[in-house]
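This report concerns the pairing of charged side chains. Please consider the sequence and the model shown below.

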Amino acid sequence: MSETTSVMDGTVKERISGIFGKSITNKVEDRLFEKFGISLSQGIEEYEKLDFVFREFFGKGADGIKEKILKQHVKEKTNSNQSWVTINDQNVCSIILKAFGDPEKKSILESAFEPKIVSQIISECHLPQTSGYRKINELMDQGLLVKKGTIDHRSKKINCYCTVFSDLDIKMDVKSRGMTVKAKLNVTEKNNPILNVISY
């Protein structure tokens, strides 16, 4: 389980505990895993399964639960996307610093603030095709640029790509020669090497 998933599970559990108390929440969590093999946070995303478990416990009393939980979930998800996260891992900080220190990579990341296809990014950044594709692939390998949706073009689906961060604050500590990166997330993605080291 990634750090991001673990944090999400804890948040969902706290939210449901606030409604039902810890004892019932633990029973709901256990039953959800026993019946469907999913966690509480997955139950929020696949609500019909969580609703099934609620109805086992509460019968018709489960009718008003969905709206209450989902409203809070959307609010928290929106707020979390707007909050700053911290990256202390020195290797990851170095990757980010080097990427933004490279004028071509920096322009790629700025261009891809909204999802775009590779050819559009290269065109907007006025990059040669060969080096443009190479640098985009490097940014994808590093987790700084991620796949985000597709568009239809000549009966084919073409991938769009988007930068992970919407804002960055890089701080250097001269004495320790260490770095800290504070960032606002533009997208979230499971198993991303960058996002797996963040602190909330």
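The following paragraphs describe salt bridges and the setting of their residues.

The model is predicted. It holds 10 salt bridges. Side chains of opposite charge can pair when their charged atoms come close.

| Pair | N to O distance |
|---|---|
| D51 and R55 | 2.9 Å |
| D102 and K135 | 2.8 Å |
| R134 and E138 | 3.5 Å |

**Pairs within a helix**

D51 and R55 belong to helix 4, which spans residues 47-58. Because these two residues are four positions apart in that helix, about one helical turn separates them. D51 is buried, at 16% relative accessible area, whereas R55 is partly exposed at 35%.

In helix 9, R134 and E138 are likewise four residues apart, so about one helical turn lies between them. R134 has a relative accessible area of 42% and is partly exposed; E138 is also partly exposed, at 28%.

**A pair between separate elements**

The salt bridge of D102 with K135 has its closest N and O atoms 2.8 Å apart. D102 sits in the loop between helix 6 (90-101) and helix 7 (103-111), while K135 is part of helix 9 (residues 129-142), so the pair ties together parts 33 residues apart in sequence. D102 counts as buried because its relative accessibility of 18% is under 20%. K135 is buried as well, at 12%.

**A network**

Salt bridges also link R31, E34 and E56 in a network.

Technical notes: Residues numbered from 1 in each chain as written. Predicted model: local features only at pLDDT ≥ 70, side-chain atom pairs only at ≥ 80, totals over all residues. Heavy atoms only, no water. Salt bridge = Lys/Arg side-chain N within 4 Å of Asp/Glu carboxyl O. Buried < 20%, exposed > 50% of the residue type's maximum accessible area, 1.4 Å probe, protein only.
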